[in-house]
Each structure stands twice: as C-alpha cells, then as structure tokens.
Amino acid sequence: MRQPNVTIYGSRTCGDTTRVTKHLDEKQVPYEFKDVDESPEYNDYIAGLNQGKRVIPTLRINNDTYINPKLDQLDAVLAAEE
C-alpha cells in the first residue's frame with residue numbers, strides 16, 4: 001500500500017483545519033502541515049489554488065487540490081490513492 005503525498009495549508013487555530021488534521025492523525029495518514037499563521041506567504045499560494053479565495057484548510061493530495069473537504073470526501077480520495 002503506497003501512501004499519498006498530502007500537504008495541508010491551514011491554521012492551528014482554525015476549527016476546520018483541526019478537524020482534518022485530527023482525522024488524518026487518527027487514520028495514521030502522514031502529511032506535511034504548512035501553517036499560514038507562521039508563514040503568511042502561503043496565503044497567496046492558497047488564493048492561487050482557490051480562484052483568488054483564501055480558504056483553509058486547503059489540501060494538496062498527489063497534486064490535486066481539495067478545499068475544506070468533508071471527512072467522507074477525504075476518506076474517498078485517500079482510498080482511491082492507495
């Protein structure tokens with residue numbers, strides 16, 4: 001089973017970001033976390049992925065973008081990547 005390449009752009013103080021990171025932690029899915037509070041330059045990157053809107057969490061999974069995904073959508077994406 002191969003692990004998908006997962007990057008999360010978000011904030012540790014954002015409830016939606018916390019929901020996603022906790023879910024991935026529980027499923028033992030490794031990810032890289034890019035904190036927009038610590039590195040504000042990520043805001044421009046996120047806006048570029050989301051038609052100019054800064055929405056967090058924004059996830060990049062194997063070069064595809066998912067904007068504030070629901071957990072069942074996230075599970076389906078991860079299952080398809082295995």
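Is Asn 68 buried, exposed or partly exposed? With a relative accessibility of 26%, Asn 68 counts as partly exposed. The cut-offs are these: buried means under 20% relative accessible area, exposed means over 50%, and partly exposed is in between, with a 1.4 Å probe and protein chains only.

A word on the source. This is a predicted model, in which local features need pLDDT of at least 70 and side-chain atom pairs count only at pLDDT 80 or more, while totals for chains, interfaces and linings use all residues. Residues are numbered from 1 along each chain as its sequence is written, and side-chain values use heavy atoms, with hydrogens and water left out.

Stay with Asn 68 for its backbone. Its phi is positive, about 45°, although Asn 68 is not a glycine. Asn 68 sits in the loop between strand E4 (64-67) and helix H3 (71-81). Helices (H or I, at least four residues) and strands (E, at least two) are DSSP runs, numbered from the N terminus.

Now go to the loop between H2 and E3, where Gln 51 lies. Gln 51 is not a glycine either, and its phi is positive, near 50°. Gln 51 is exposed, at 73% relative accessible area. Pro 57 also belongs to this loop, between helix H2 (42-49) and strand E3 (58-61). The peptide bond that joins Ile 56 to Pro 57 is cis, with omega about 0°.

Next, the rings. How many aromatic pairs does a search of the whole structure find? There are two. Rings of Phe, Tyr and Trp (its six-membered ring) pair if their centres lie within 6.5 Å; planes under 30 degrees apart count as stacked, over 60 as edge-to-face and the rest as tilted.

Tyr 9 and Tyr 42 form an edge-to-face pair, because their planes are at 70°, with ring centres 5.5 Å apart. Tyr 9 lies in strand E1 (residues 6-10) and Tyr 42 in helix H2, so this pair ties together parts 33 residues apart in sequence. Tyr 9 is buried, with a relative accessible area of 9%.

Tyr 9 also pairs with Tyr 45. Their centres are 5.1 Å apart and their planes at 45°, so this pair is tilted. Tyr 45 lies in helix H2, so the pair with Tyr 9 in strand E1 ties together parts 36 residues apart in sequence. Tyr 45 is partly exposed, at 37% relative accessibility.
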